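Below are some notes on the model, as numbered points. Please read them alongside the coordinates.

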Amino acid sequence: MLQKRLHIGRIGGFCMLLALLSLAWAGISPAFAESWHVILGETPQPESGLALAVADLQAALEKVGASVTVHHDAADPGGNVIAVGNPSRNGLTASFVAGGAVRLAEIPNPEGFEIRPVKSEGRRALVVSGGGPAGEVYGVYWLWDRVRVAHAVPELDVRREPAFYVRSGGGTSIEDMNASLRYTANWVSYPNSNALVPWEAEPLRSQNEENRVEARRLIEYAHGLHMKFFTDADEFSYHPDVLAKYGATLSPADPALWNMLQDKYRGLLKALPELDGIRIRTGELTRVLEPLKPYDVMHEPEVGDWPLERRYQTFVKKMHEVVVGEFGKLYYHRTWVTNATEQHSNPDVYKAIFTDEVPVENLFLSPYLTRGDRWFYQPINATFNLTPHKMLVLLAPMNYHEDGSTNIFPTYPGLYFREGLDQIWRDKQSNIAGSQMNIPKDDGWWSNELTAYTAFRMSWDPLEDPRVIAEDFASIHFGKKTARIMGEVIMLSGEAYKNGLYIKPVAEAIEWNTLPQLRLTTFPVRGFPEIDRGKAHVNWLHDTIYTPCKGRIDEALKYLDKGLGQAENMRSLGRTAASDFDDREVARQVGDSLELARLLIATNIAYTKACFAYFGYAAAPGPETEKALSMTYGNLRHAATEFRAAPGFAYKLYGIDQLLSNMQIMMLDREVAQRRLAAAPDEEKVSALIAKHQAQDARILQEHADTALKVLHWQGMVDGKDILRIQGDKLTIEHVMADPIHSDEATFAAALPAKAGTVVVKDIRSGAIHPFVLTQPTQDNGYTAEVYLFDPGPGYAMWELEVYYLDADPIYLGIVPTWEE
């Protein structure tokens, strides 16, 4: 019997050894041998920050092989313990302190915490003690973070308090708020104030009553997570009935307009007093849906004694009177605008607005860390620390070369953030009260997650070493063994994208968009190539890319090639680290993303070199410039082809394809190519041609109203260039430039017939350049009609149109396809 027991024991031990070896091979740390007891002292509310934090900690410990038991009493169960709560909230903590096993300091900051080791023979014990309940939640989350980095329960003996007492980020769904808590955000914003305002008109009245019921539930949940809950809106927006009720005009000189604005927010705060505050941005980008209307109160109409500074200051003061003065709430105001000349970026304009006349109580202003948008080669925003008004620094992703869903290696903003915070943050001598960050729901390793993690870490310690953050992120997402090498890859990423995508002389010549040739996942094409033969795009390349580089081409190429070298180094390091990844599938994805990053940079460089060669040959034809033209044409074609074939490719190469087309014609015959472009319509003539087509559509629709088949009614918010493709009863949208369409609705009245005919557009409302038919349905294109939309902006505008079909040849109807001739 004894022999049998021993035999079983050996088998069990051998199996255990195999299991442990397999865990070790998988990268799981020695925590697998540990059991931990988490002692809360009392049962937290199920929808509370502490309950969520402890659940996340338990999951993290179990992921690295530890067993975890959560206790809701003060009894010491023996074994390894984590006591959560200061002596007044946890009896076990109190007994540890009374017995001299641990010393805890007074933490006046309710968000601060300390994690201290407990002297206890034969076991490990930790205390997480906070200055308040929120501090203990954040303490548990710091322990959670450390477990994820170390892949075990590390030795900790720390005290932490956030440098920024406001950390704004994330949305207000339950999932959003849970994600925000993991980054210790304590302000969250509901995305649409207009969906909560008690409008008098139906159906908004009833809809918003229901929305406010749901908002109260979300506010209660946010408060359980120690968060302030705001509503958010771009203003100015209004209901036409309310404008009529007040007898107001759309002019900043009309007092009734400001009364209407104030009453809108009085009504909101009376209807939803549970709100902690209001978040607002005002300017040219107001986005609203029917029946609400947008109004750019900062710029329209021109009124002699109402410059921008007076308009903006009046807006802020009127809002402050209601939000803070009457209701005692928090007023969170984003200063963002899409230029570098107004209050967001220009310190003189900012100071002229935020004088002593603007109160500081409960007012928080939020600009980007950058002067403009989230581009490299941007100076740090100069509006910080100019006035006593408190500010939240927006720490945004620096990845304007992707859209967040692209399989490209993330962009690390840590070096840029640290440089900026070193300039603007001076602890209590600074007016910076906090940070604003974009927090994703998912726990991935892409740019948005990397940026949010960096912003979280620097919100607690603005002086933290960016390399430490990068290596911690690598350890969490790729594996502990990869931390050093993949941390270096992360550190290189921002510099590689900056050097390899931004053309240094171009970026230094532009105040606003320092990456003009690439926007997110699109290399945009200027003008209407189908009409102007690429003339507008070629002229744009000459003026924007080629001209600033004259005399500095070698310098431009030196930095671009440096970026490519850094990208190649990243790929090489990634291959070296691949075998140490915890997850082989993640290792494959990272490898693909590094290759896509390299190919993006290589394609951008080939595009730039081809641009230089094109204009060099156009200006000075000769054997050398002709050879350069031919070589760069071939290199660009090869780079674009290789880029398109890469796993995860999701880019649009419109501008590149257009340059290749013009280069090909230039190589065939330079003089013909130049005459062809010279004869092509310029911007003014293109507009006239489009207007001619639109007039033809209107005439034909009027003359053939009885026989025209209504196919489609469409409306949507447009900002830039888009093509509506209609085939049968299917509509697809190709986004060409600027921001994509949103809030669109398509209603088919009939399918587009599968036969050649004529399609015309009825313009109901649109921007300055109205919709027009780009392509008529033919057998060659599968009977597909294309309708072109172009809203030059800035910002979105609501477009609405109808599409009709006539069973007749365009020539028969008198339509001359002018740009096809």
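1. Between which strand and which helix is the loop that holds Ser-345? The model is predicted, and in this model Ser-345 lies in the loop that runs between strand E13 (330-334) and helix H10 (347-353).

2. Ser-345 has a relative accessibility of 4%. Buried means under 20%, so Ser-345 counts as buried. Its side chain is joined to that of His-344 by a polar contact of 3.1 Å. Leaving aside residues up to four places away in sequence, Ser-345 touches Asn-339, Ala-340, Arg-371, Gly-372, Asn-381 and Thr-383.

3. Trp-375 sits in another loop, the one between strand E14 (363-366) and strand E15 (390-395). Its relative accessible area is 2%, so Trp-375 is buried.

4. The side chain of Trp-375 makes a polar contact of 3.3 Å with the side chain of Asn-513. Asn-513 is also among the residues that Trp-375 touches beyond four places in sequence, and the others are Thr-370, Met-398, Tyr-400, Tyr-502, Trp-512, Thr-514 and Leu-515.

5. Helix H4 (residues 133-150) packs against helix H12 (residues 447-460) at an angle of about 125°, and the axes are 14 Å apart. H4 is therefore oblique to H12. The crossing of the two helices is left-handed.

6. On the H4 side, the contact is made by Tyr-138, Trp-142, Asp-145, Arg-146 and Val-149, and on the H12 side by Tyr-453, Phe-456, Arg-457 and Trp-460. Sorted by class, this contact has 6 nonpolar and 3 charged residues, and no polar ones.

Conventions: Residues numbered from 1 in each chain as written. Predicted model: local features only at pLDDT ≥ 70, side-chain atom pairs only at ≥ 80, totals over all residues. Heavy atoms only, no water. Axes fitted to C-alpha atoms, helices over the stretch in contact; angles between N-to-C directions. Helix = DSSP H or I, 4+ residues; strand = E, 2+ residues; numbered from the N terminus. Parallel < 35°, antiparallel > 145°, perpendicular 65-115°, else oblique. Left-handed = near helix turned anticlockwise from the far one by under 90°. Contact = heavy atoms within 4.5 Å. Nonpolar A, V, L, I, M, F, W, Y, C, P; charged D, E, K, R; others polar. Buried < 20%, exposed > 50% of the residue type's maximum accessible area, 1.4 Å probe, protein only. Polar contact = N/O pair within 3.5 Å; in protein donor to acceptor, adjacent residues only side chain to side chain.
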